[in-house]
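We'll go from stop to stop, picking residues as we go.

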Amino acid sequence: MFGEDIQERREVVYGHVFIDLPSTYTRLGTVEVAWNPTVRIPDMPLPQYLSTTVYANNGTYYLTQWTQLDTEKYYFKPLEKEATERWGSKWQSLKFTVPVNTDSQEYRQYIDYLKQLEQSLPEAFDVAVYAKRFSGRIIVRVLEFTPAEGASARIYQFNQLYPVVPYKTVEEANAQRILTP
């Protein structure tokens with residue numbers, strides 16, 4: 001409303017990672033979203049889960065989430081281009097459009113959850129994904145869903161964006177980043 005004083009509130013995503021949401025957003029609840037690595041990892045239970053909290057305001061949604069690998073022998077590959085400034089820190093970011101009738105395994109879970117909560121959904125969502133990697137085994141993300149039309153040619157799945165690799169590969173990649181200006 002015109003003249004309305006909208007305050008922001010701080011929401012924890014994971015550990016010391018916070019986002020500031022306008023007070024007009026309502027917390028809808030939490031959902032565990034299943035995902036599987038693209039490589040077989042011995043002794044790691046499958047599926048793995050993204051612990052997700054959903055906030056809504058007039059058809060726009062914020063989903064805060066994190067996952068931790070249940071193994072110490074494999075790690076998420078280091079993220080590239082963590083250059084987007086948001087909520088006081090730098091994030092890797094990516095944008096695409098997802099239709100509500102998607103066959104994407106990951107995004108179908110988010111949309112089904114919103115339908116279970118009897119949310120009125122548009123034809124599609126523009127999705128902005130902000131990600132951080134911690135200690136090699138944790139990925140923290142914020143997904144922003146805004147009403148849209150159409151669809152992107154490619155809808156990025158969690159396991160495509162954050163490949164799981166053996167520990168030795170991570171060490172080699174970190175050394176290469178240090179040596180390359």
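**Stop one: a pair of tryptophans**

Select Trp-87 first: with a relative accessible area of 19%, Trp-87 is buried, because the cut-off for buried is under 20%. Keep in mind that this is a predicted model. What kind of pair do the rings of Trp-87 and Trp-91 make? Their centres are 5.5 Å apart and their planes sit at 80°, so the pair is edge-to-face. Before you move on, show Lys-132: it lies over the face of Trp-91, 5.2 Å from the ring centre.

**Stop two: a link across the sequence**

The structure holds 17 aromatic pairs. For another one, pick Trp-35 and Phe-158, a tilted pair with 4.7 Å centre to centre and 55° between the planes. Trp-35 belongs to strand β3 (residues 26-35) and Phe-158 to helix α2 (residues 158-161), so this pair ties together parts 123 residues apart in sequence. Trp-35 is buried at 3% relative accessible area, and Phe-158 is buried at 2%.

**Stop three: helix α1**

Select residues 105-116 to get α1, twelve residues reaching 17 Å from first C-alpha to last, close to the expected 16 Å. Which of its residues are buried? Colour Glu-106, Tyr-107, Tyr-110, Ile-111, Tyr-113 and Leu-114. They cover an arc of only 155° around the axis, which puts them on the same side of α1. After the helix comes Glu-118, with a positive phi near 60°.

Terms used:
Residues are numbered from 1 along each chain as its sequence is written. This is a predicted model: local features need pLDDT of at least 70, side-chain atom pairs count only at pLDDT 80 or more; totals for chains, interfaces and linings use all residues. Side-chain values use heavy atoms; hydrogens and water are left out. Helices (H or I, at least four residues) and strands (E, at least two) are DSSP runs, numbered from the N terminus. The expected span of a helix is 1.5 Å times one less than its number of residues. Buried means under 20% relative accessible area, exposed over 50%, partly exposed in between (1.4 Å probe, protein chains only). The arc is that of the directions from the helix axis to the C-beta atoms. Rings of Phe, Tyr and Trp (its six-membered ring) pair if their centres lie within 6.5 Å; planes under 30 degrees apart count as stacked, over 60 as edge-to-face and the rest as tilted. A charge sits over a ring if NZ of Lys or CZ of Arg is within 6 Å of the ring centre and within 35 degrees of the ring normal.
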